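My entries follow in the order of looking.

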Amino acid sequence: IFAMAERVLKSFPDVSLFEGETALGSGVLYLTNQKVKWIAGDVTKLYGWVEILMHAVATDESVHSQPCIYCHLSESTDSLVELRFVPADGAYVEEMFEFFNQGAALNPDPSVPGQETEGDWIFNADEVNSGSLGSNVALTNDTQMADANEDE
């Protein structure tokens, strides 16, 4: 089920998948260096990292009743599909997000010139709290914007 050069970054059992409003069941989520794979019995869903335009942790019950990884998937130039990967144990959603970040970083969009050299502008809470350079820039810019608003 995996290509020759493909390696599993992390797998998560008992993850429900929703494409749009359609529940596809519960299966095993494999995050590999090449794709996102979800397998439930004889049903396999494959998503290329570049096709996943955005991924985020969703805890808002308007998105789903349980914490999940929420994604926008590009199916064509004018069509987006919402995906939700919902672990049975919501405690795994942050770890899932970290591995989604790793997979996305390994697969930059080839249609965006220089993307691989522009830097990482996605930070988790630990990086912000530890003072990562980029997060300091983001925090500084937020502070400057707040100061600018006070001057008005």
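**Entry 1: hairpins.** I began with E2 and E3, which form a hairpin with two residues between them. The model is predicted, and I kept that in mind throughout. E2 covers residues 22-32, and E3 covers residues 35-40. The two strands run antiparallel and are joined by four bridges.

I then stepped back to E1 and E2. This pair also makes a hairpin with two residues between the strands. Glycine 20 is in the turn, and I noted its positive phi of about 60 degrees. E1 and E2 pair in the antiparallel sense over nine bridges. On the E2 side, serine 26 is the bridge partner of serine 16.

Next came E3 and E4, a hairpin with two residues between its strands. Its turn holds glycine 41, with a positive phi of about 60 degrees. Lysine 37 stands opposite leucine 46 in E4.

Entry 2: Which residue has a positive phi although it is not a glycine? I found aspartate 14, with a phi of about 60 degrees. Aspartate 14 belongs to strand E1. I also checked its accessibility: the value is 44%, so aspartate 14 counts as partly exposed. The cut-offs behind that are under 20% for buried and over 50% for exposed.

**Entry 3: aromatic pairs.** How many aromatic pairs does the structure hold? I noted four. One of them is phenylalanine 12 with phenylalanine 99, an edge-to-face pair. Their ring centres are 6.4 Å apart, and their planes stand at 65 degrees. Phenylalanine 12 is in strand E1 (residues 8-19) and phenylalanine 99 is in helix H1 (residues 93-106), so I recorded a link between distant parts of the chain, 87 residues apart. Phenylalanine 12 and phenylalanine 99 are both buried.

Tryptophan 49 and phenylalanine 100 make another edge-to-face pair. I wrote down 5.6 Å centre to centre and 85 degrees between the planes. Tryptophan 49 lies in the loop between E4 (43-48) and E5 (52-58), while phenylalanine 100 is in H1, so the pair ties together parts 51 residues apart in sequence.

Tyr47, Trp49, Phe85 and Phe100 form one aromatic cluster. I also found a charge by a ring: the charged end of lysine 10 sits over the ring of phenylalanine 12, 6.0 Å from its centre.

**Entry 4: the helix.** I checked the length of H1. At 1.5 Å a residue, its 14 residues should span 20 Å. The end C-alpha atoms are 20 Å apart, which agrees. I then listed buried residues in H1, among them Val93, Met96, Phe97, Asn101 and Gly103. For the spacing I noted a rule: an α-helix has 3.6 residues a turn, so residues three or four places apart point the same way.

**Entry 5: confidence.** Last, I looked up the pLDDT. The chain averages 80, and 72% of the residues score at least 70. Over residues 132-152 the pLDDT is below 50. In the model, this stretch has ten contacts beyond near neighbours in sequence.

Key:
Residues numbered from 1 in each chain as written. Predicted model: local features only at pLDDT ≥ 70, side-chain atom pairs only at ≥ 80, totals over all residues. Heavy atoms only, no water. Phe/Tyr/Trp six-rings, centres within 6.5 Å; stacked < 30°, edge-to-face > 60°. Buried < 20%, exposed > 50% of the residue type's maximum accessible area, 1.4 Å probe, protein only. Lys NZ or Arg CZ within 6 Å of the ring centre and 35° of its normal. Expected span 1.5 Å × (residues − 1). pLDDT = per-residue confidence, 0-100. Contact = heavy atoms within 4.5 Å. Pairing = 2+ DSSP bridges.
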